Amino acid sequence: MKKIFFIIIFLIFELTQNSFAYSSDPKQFIQEIIDETKKILVKSNSTEFKTKKLSEIALKTVDIKGVAYYTLGNYRKELSDKQMEEYLDLFEKYFLKTFTSRLTDYSEPKIDVISAEVLSPKYTIVKSLLLGTDKKPEVNIEWRVYTKNPDKPLIRDLIIEGLSLARAEKEQFSSVIEANNGEVTKLFITLKEFIAK
Amino acid sequence: MMRKIIYISIFVLLLKPNLVMAGSTGSEELKNSTSQNSTNECFEGFSRAMFKLNHGLDTAIFEPVAKGYRALPSPIRKGTGNIVDNLRSLLTFSNNILQGDFRNAGNTAGRFLINSTVGIVGIWDPASALGLKEKGKEDFGQTMGAWGTGSGCYFVLPILGPTTVRDSVGLVGNFFLDPVYHVTHNSEIHNGLVGNSNYSEHNYFFYRGTSSVDFRAKNIESWASLEKNSIDLYVSLKSLYLQNRSQQIANSTSAVETQNDSNWEEIDTN
């Protein structure tokens, strides 16, 4: 009886875990994210619902900390631990806002995952295609997947038609800092203003 | 004459810092470079003012026109897009040749011939169905990039938008290399060279304008998203423009081939 009880508990645990875990294969990982996102981006869902659910997905599947370091470039070496903590907190809010805002504009997107290319032990690029509609052309989307921990891949960049969104953000951040004589804290103010918008 | 020499000297000076020296293979060199990182502003204050002007014009004129165009029935839009793309392929062909890219020149010429005849002046695209699917676009700025010319500094032109010194020289070069311009250019008629009395330069600018409207209409949502999600729209556009030009010069569709990955490699979070 005790054995059966343990088996049931084990099965429940496994099933629950599997429903939240993503594949460790980068291509499959992206496919699962796309499938999950498609279900959220149906017309009948409210924007608030979409934003909440997309944020949950992003927190689980995007290496937000890694993107935050990348977008700050070498300026990250100038920050104290406390400033870094503040920056990471601001960046997460900024990232979730822009990430969800970009996606909620799409309604029931049709994306085909095409192939995966291993760049190094740390990176795999997964190629996909957002199918065209009557009004929009098809769009090539590449996902830079961080695979240092092969059991838990994470997204680090979206490359749309060959244009890296992370790089565009990095250059915006640099521009703000440079326009303020290298003061990184001015970027914090800009981020706060953007988040509050 | 003196004025011409001054203009040429200024362009050469502006281009100089980024010139890729002889001995490199041009596009390969750029393929592994991070040219967008090293592209400085020529005159940022002026460029930001021009950007503001263009943004205002876009909101007041170009976007509403693009939305109106988008409201047209799909076959009309598709046919119009195909016609301008077909005409645009003539400029691509000239640049394919200048780049020594004869494989793509053959593809471009084949597409133009099939689409102009079977596809009735390019309204339809039977060439794709026949296997000539590649629709590369080349211009003289790209050709100079492929020859090894650096981008020079970045600036924004009124109405025409973001450019670099190389690409602005390319814009002028495009007039000389575009057969459509020569056919519609009046002064050539007087010289008895090419030209066609049925057309005028207005036809050329109408064709270019239509091409721009078609492009803007296809990117209404993308631009709106960029506007909404940028902390500095001017820099966003600059970054995307320069990334895009690097891709086009390298004839690549992957950012990984044209950008330096070392910044990513040094970041470890787990």
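How far apart are the end C-alpha atoms of helix α5 (residues 74–98) of chain B, whose 25 residues are counted at 1.5 Å a residue? The end C-alpha atoms of this helix are 36 Å apart, and this agrees with the expectation because 25 residues should span 36 Å, the expected span being 1.5 Å times one less than the number of residues.

The model is predicted, so that local features need pLDDT of at least 70 and side-chain atom pairs count only at pLDDT 80 or more, while totals for chains, interfaces and linings use all residues. Residues are numbered from 1 along each chain as its sequence is written, and chains are lettered from A, with ligands numbered from 1, in the order in which they are written.

After α5(B) comes B:G100, which has a positive phi, near 70 degrees. Helix α9 (residues 165–177) of chain B has 13 residues and reaches 18 Å between its first and last C-alpha, close to the 18 Å expected, and α9(B) also carries a kink of about 25 degrees, centred on B:L171. The buried residues of α9(B) include B:V165, B:V169, B:G173 and B:L177, where buried means 20 or more other C-beta atoms within 10 Å, exposed means 12 or fewer, and partly exposed lies in between, with C-beta atoms placed from the backbone.

**The two chains**

In the table, helices (H or I, at least four residues) and strands (E, at least two) are DSSP runs, numbered from the N terminus, and residues are in contact if their C-beta atoms, placed from the backbone, lie within 7 Å.

| Chain | Helices and strands | Residues buried | Contacts at least 24 apart, of those at least 6 apart in sequence |
|---|---|---|---|
| A | seven helices, five strands | 27% of 197 residues | 51% |

Along the sequence, the elements of chain A follow the pattern α-α-α-α-α-β-β-β-β-β-α-α.

Helix α5 (residues 81–104) and helix α7 (residues 184–196) of chain A pack at an angle of about 35 degrees, with axes 10 Å apart; the axes are lines fitted to C-alpha atoms, for helices over the stretch in contact, and angles run from 0 to 180 degrees between N-to-C directions. Among the residues that meet here are A:Y87, A:L90 and A:Y94 of α5(A), and A:F188, A:L191 and A:I195 of α7(A). By class, this contact holds seven nonpolar, no polar and four charged residues, with Ala, Val, Leu, Ile, Met, Phe, Trp, Tyr, Cys and Pro taken as nonpolar, Asp, Glu, Lys and Arg as charged, and the others, Gly among them, as polar.

In the loop between α4 and α5 of chain A lies A:Y75, which is partly exposed because 17 other C-beta atoms are within 10 Å. Leaving aside residues up to four places away in sequence, A:Y75 touches A:I177 and A:V184, whereas its C-alpha atom is separated by 22 Å from that of A:Y146, 71 residues apart along the chain.

**Where the chains meet**

In the interface, 34 residues of chain A are in contact with 30 residues of chain B. The elements of chain A that give two or more residues to this side include α4 (64–72), β2 (123–130), β3 (139–146) and α7, and the largest share, six residues, comes from α6(A). The residues on this side of chain A divide into eleven nonpolar, ten polar and 13 charged.

How values were computed:
Two residues are in contact if their C-beta atoms, placed from the backbone, lie within 7 Å. The bend at a residue is the angle between axes fitted to the seven residues ending there and the seven starting there.
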